[in-house]
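Work through the exercises below with the sequence and the 3D view side by side, and try each task before reading its solution.

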Amino acid sequence: MVTLAEDLHFNIITPLTPTYYPNDVNLRPDILDIALMKGVTLKLSYIEPLQCLNSDHRPVLMRLGSLIGDCPPTVKTITNWQKVSIALEKIDTVILNSIPNDIVSTDDIDNAIGALTNHIRTVVDDSSRIVPANSDRKELPRDVRELIRAKNAALRLASKYPHVRIGPMRVLSNVK
């Protein structure tokens with residue numbers, strides 16, 4: 001297959017871990033799922049088998065993205081909208097006081113719109129903070145973290161002994 005792929009200028013894409021776990025203990029796990037790509041202008045972001053305990057075959061997720069601009073952002077902005085709302089309710093501010101009560105020309109309208117827009121931008125900026133993009137979850141309670149650890153341990157156990165059928169209810173009872 002490798003020779004054929006080289007002759008036809010195909011790329012062979014496979015996950016790094018097995019996708020098939022036979023029920024027969026005499027057979028070894030194997031990679032059944034491959035992708036052949038030729039002339040695809042998308043970059044392979046990742047390919048991985050998904051955990052699926054009710055089958056001897058694991059489905060594979062392959063994500064493709066553009067060659068440029070496909071990198072996820074490293075930081076994100078979190079805004080406290082409650083703080084924004086409270087700050088915008090205050091009408092006695094330097095910026096808002098600079099808007100004249102009598103607007104008579106288009107220049108006055110433009111200046112008032114500019115002042116109001118700057119005020120809103122300032123309030124939002126003051127109520128926002130920049131954090132790393134991967135810190136999108138709050139700290140989980142200890143009991144939830146223990147349940148997640150138990151679930152992951154059950155998944156690891158199931159992948160070590162793929163010939164043993166473990167139903168979802170059996171796994172859930174082990175987690176409890």
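The exercises that follow concern a predicted model, and each task is followed by a solution in steps.

**Exercise 1.** Determine how the axes of helix α2 and helix α4 are oriented to each other, and which residues make the contact.

*Solution.* Begin by locating helix α2 at residues 81–89 and helix α4 at residues 106–126, whose axes come within 9 Å and cross at roughly 140°. Angles over 145 degrees would count as roughly antiparallel, and α2 and α4 are therefore oblique to each other. As for the hand of the crossing, α2 passes α4 in a right-handed way. On the side of α2 the contact is made by W81, K83, V84, A87 and L88, while α4 contributes H119, I120, V123, V124 and D126. Sorted by class, the residues of this contact between α2 and α4 are seven nonpolar, one polar and two charged.

**Exercise 2.** Find where I99 lies and which residues beyond its neighbours within four places in sequence are in contact with I99.

*Solution.* The first step places I99 in the loop between α3 (94–97) and α4. With neighbours within four places in sequence left aside, the contacts of I99 are A112, A115 and L116. For L116, the separation along the chain is 17 residues, whereas the C-alpha atoms of I99 and L116 are 8.3 Å apart.

**Exercise 3.** State how far the charged end of K38 is from the centre of the ring of F10.

*Solution.* The charged end of K38 sits over the ring of F10, at 5.6 Å from the ring's centre.

Technical notes
Residues numbered from 1 in each chain as written. Predicted model: local features only at pLDDT ≥ 70, side-chain atom pairs only at ≥ 80, totals over all residues. Heavy atoms only, no water. Axes fitted to C-alpha atoms, helices over the stretch in contact; angles between N-to-C directions. Helix = DSSP H or I, 4+ residues; strand = E, 2+ residues; numbered from the N terminus. Parallel < 35°, antiparallel > 145°, perpendicular 65-115°, else oblique. Left-handed = near helix turned anticlockwise from the far one by under 90°. Contact = heavy atoms within 4.5 Å. Nonpolar A, V, L, I, M, F, W, Y, C, P; charged D, E, K, R; others polar. Lys NZ or Arg CZ within 6 Å of the ring centre and 35° of its normal.
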